[in-house]
Amino acid sequence: MTYVIPLNKATVGRETRLLPPSLNARMHWSVRSRWTKAFQEIVFWAIREAKVPKLERIVLTIEVRQCNEPDLDNLAASSKPIVDSLALAQVIPDDHPRYLTELRLKSVHAKTKAEETVIITIEPV
């Protein structure tokens, strides 16, 4: 069974983000840490709500729909908290290639801000 899970935006203080900050975002390490934890929590609870069971091996697709499409290399850097959340939610034992066999990144143009979202797809292998 394939699990398609839309993610909510994260909020830290008064700021809201669709994605974790990329490595290009210049910010203090403590602020980056708060964002990382916020996104990990959102992914963790979304996975729990979708009732994703423990899986041995998976293919993960992260699809980002934004008006300003991110470069795929920035998207790859921003995806780490999402990937780490799979182990935190105990979907896979670790983010080692033995368990996460493939990571797919998709960047899709959204026409309006209301259409902006992140969707993760977990496929057992």
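Buried means under 20% relative accessible area. The legends below use that cut-off on a predicted model.

**View 1. The buried residues of helix α3.** Helix α3 covers residues 80-88. Its buried residues are Pro81, Ile82, Val83, Asp84, Ser85 and Leu86.

View 2. Glutamine 90 follows α3. The phi of glutamine 90 is positive, near 60°.

**View 3. The open sheet.** Here 4 strands line up in the order β1-β6-β4-β5. The sheet is open, and its pairing is mixed. Which strands stand at the edges? They are β1 and β5. Each has a single partner strand, so one side of each has no neighbour in the sheet. On average, neighbouring strands are turned by 15° against each other, direction ignored.

**View 4. The pairing of β1 with β6.** These two strands run in the antiparallel sense. Their pairing extends over 5 bridges.

View 5. Helix α1 lies across β1 and β6. It runs at about 140° to β1. Helix α3 lies across β1, β4, β5 and β6. The angle between α3 and β4 is about 140°.

Methods: Residues are numbered from 1 along each chain as its sequence is written. This is a predicted model: local features need pLDDT of at least 70, side-chain atom pairs count only at pLDDT 80 or more; totals for chains, interfaces and linings use all residues. Side-chain values use heavy atoms; hydrogens and water are left out. Buried means under 20% relative accessible area, exposed over 50%, partly exposed in between (1.4 Å probe, protein chains only). Two strands pair if DSSP finds at least two bridges between them. Axes are lines fitted to C-alpha atoms, for helices over the stretch in contact, and angles run from 0 to 180 degrees between N-to-C directions. Contact means heavy atoms within 4.5 Å.
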